[in-house]
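Please keep the sequence and the structure in view while reading.

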Amino acid sequence: MRYGALRGTRQDGARQDGAPRIGVVGAGILGTVLALRLAQGGAKVTLLERAPTPGGLAGSMDFEGHRVDRFYHVVVPSDERMIALARELGLAAELHFTPVGVGFFVDGQMHPFNGLGDFLRFPPLSPAGRARLAWFVLQCQLRKGYSSLEQLPLEHWLKRHCGDEVVRRIWRPLLDSRFDSEHAELPATYLWARTNRMRSARGGGGGGERMGAIAGGGHERLVLAAARKARELGVQIRLGAGVEGLVLEGADVAGVRVDGAEERFDLTIPTLQPPALRRLLPPALHNLLDAYPSRYLGVVCLILKLRRSLLPYYSVNICDATPMTTVVETSHVVGTAHTDGLRLAYLPKYCDPGAPEFSEDDESIYRRFTAMLARLAPGFTHDDVVAWTVQRAPLVEPVHALGHHPRTAPLWPGVEGLGLASASQVYPRLLNGESIVELAERVAAQALERVRPPAPDSAHAGAPRRSTAGDPAPAQRAPAPR
Ligand SMILES: Cc1cc2nc3c(=O)[nH]c(=O)nc-3n(C[C@H](O)[C@H](O)[C@H](O)COP(=O)(O)OP(=O)(O)OC[C@H]3O[C@@H](n4cnc5c(N)ncnc54)[C@H](O)[C@@H]3O)c2cc1C
């Protein structure tokens, strides 16, 4: 059967002679799901990953005898693609949702924030402040489009709708800790997208949030199951294969250089974020990076393994001066069956890759972050800590700034043989498994379309063709966040 006949039919297991060869670089969620979908569409896929295991940021690690998420990962009930993927991969029965609490720490006091009742009582704000905040959140939820927010500085928008009190006491401190004290460049779109995502974590009726995770391994189990299925479909997954660069043939990309040798593909799709992609691009293609944001945040995360639960909340919004962005006690969602009853708390600090936290020694991070934790959770002592570790990832998410146009770089940059897909291209959606899987599936569908051979009556029937044009306009339009 010719490759063209397979297109769109998802014939699992079909690997066709003469099928186009597609190379995917990076086996995080994006690269792995992309490889799976391409193989299901009939392509011959090679997935190249530098690390010894797939997973990327969603991977797990050994933490003193327990396998745990390197960073914390949950799904919310509206994450349709993640839930569908779990079902497809036979993991649905192990995906459990749990009601979770959220706390707000303001002026040295912890306040529950779980539904309408808590909101109406919320002591840090005056009744007028609460009313304005409620009105603002409602407006965000009712707003369908975001184009009018794109040129609006976020803080300006917040002041106009929420007033000085709410900005000073709530929004500014939260943005400071989330964006390493630099958020003047953010468009209003950011908070609109965030508010909508958090709404989707809430059930109807003004209740609290619900979060879910796959038992005993979260997102990593999903990635590993996707990789397993991809392999069954013929995807060649090469681990420990750090791609050294893209191979140019004239002006076209003809493949990659890996382990000192050239590997040729009809289409090559790196899934790395631009600062990492830069190292792979030949100088002649560096101009492609101009379409991407220029600022990226990393994460330095203290992880504690604890004898007991410290907080009744999954996460805490910290509005006082704080060395870390939040505290996330994941055991409220992932349970403790895989950690012998011990509990896990993640204390991340989102910061620029050049921030002092990236070179600060681990002991110092531990001391500073746990000193803050003791304020949030009175009664915390170091005896509660069974083990701890500090994990660092210098490249986590792009900061989409005002004035940068277009906001997302094209998936098809107009270089034959090259597609570019990365976490920097999910805007205006927030970066998470759901938006990444949506991107992977969109890229796979377009890639298969582009390498499809022409119709049988065409002069070149039977020969896979590589793309020549840039991104078609519709592919640039990201869907609104749910
Ligand atoms: C602290 C934190 C909390 C999060 N919480 C959540 C959450 O609750 N829910 C949620 O859904 N998402 C969450 N996320 C987001 C989620 O982790 C990311 O959206 C997702 O993992 C991004 O996947 P990716 O494949 O795009 O990138 P990555 O995971 O970064 O994958 C890129 C891959 O490329 C590989 N690579 C790099 N260079 C090369 C090379 N030269 N050759 C070959 N391979 C290479 C890397 O090793 C890596 O495996 C969180 C992220 C962080 C950091």
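Which element gives the most residues to the shell around the ligand? Helix α2 does, with 3 residues. The model is a predicted one: local features require pLDDT of at least 70 and side-chain atom pairs count only at pLDDT 80 or more, while totals for chains, interfaces and linings use all residues. Residue numbers start from 1 along each chain, following the sequence as written.

**The chain as a whole**

- The chain contains 13 helices and 18 strands; these are DSSP runs, numbered from the N terminus, with helices (H or I) of at least four residues and strands (E) of at least two.
- Of the 482 residues in the chain, 45% are buried. A residue is buried if 20 or more other C-beta atoms lie within 10 Å of its own, exposed if 12 or fewer do, and partly exposed in between, with C-beta atoms placed from the backbone.
- Among contacts between residues at least 6 apart in sequence, 73% join residues at least 24 apart; two residues are in contact if their C-beta atoms, placed from the backbone, lie within 7 Å.

**The shell around the ligand**

- The ligand is surrounded by 33 residues, of which Gly26, Gly28, Gly56, Asn432 and Gly433 are the closest. A residue is near a molecule if its C-beta atom, placed from the backbone, lies within 6 Å of it.
- At least two residues of this shell come from each of α2, β2, β14 (295-306), β18 (385-399) and α12 (433-451).
- The shell divides into 22 nonpolar, 9 polar and 2 charged residues. Here Ala, Val, Leu, Ile, Met, Phe, Trp, Tyr, Cys and Pro count as nonpolar, Asp, Glu, Lys and Arg as charged, and the others, Gly among them, as polar.
- Domain 1 (3-56 + 220-293 + 404-476) and domain 2 (62-99 + 210-217 + 295-399) each supply at least three residues of the shell; the domain bounds come from an automatic or database domain assignment.

**The parallel sheet**

- An open sheet is formed by 4 strands in the order β9-β2-β1-β13, with parallel pairing; two strands pair if DSSP finds at least two bridges between them.
- The edge strands, β9 (236-239) and β13, each pair on one side only.
- Neighbouring strands of this sheet are turned by 15° against each other on average, direction ignored.
- Helix α2 (residues 29-40) packs on the sheet and touches β1, β2 and β13; its direction makes about 170° with that of β2. Axes are lines fitted to C-alpha atoms, for helices over the stretch in contact, and angles run from 0 to 180 degrees between N-to-C directions.
- Strand β1 (residues 21-25) is joined to β13 by 4 bridges, and the partner of Gly23 in β13 is Thr268.
- Strand β13 (residues 267-270) is covered on both faces: Leu267 and Ile269 are buried on one side, and Thr268 and Pro270 on the other.

**The antiparallel hairpins**

- Strands β10 (residues 243-249) and β11 (residues 252-258) run antiparallel and are joined by 6 bridges. Their hairpin has 2 residues between the strands, and Gly250 takes a positive phi near 65°.
- Strand β11 also runs antiparallel to β12 (residues 261-264), with 4 bridges. In the turn of this hairpin, Asp259 has a positive phi of about 50°.

**An exposed glycine**

- Gly145 lies in the loop between α5 (127-142) and α6 (154-178), and Gly145 counts as exposed because it has 9 C-beta neighbours inside 10 Å.
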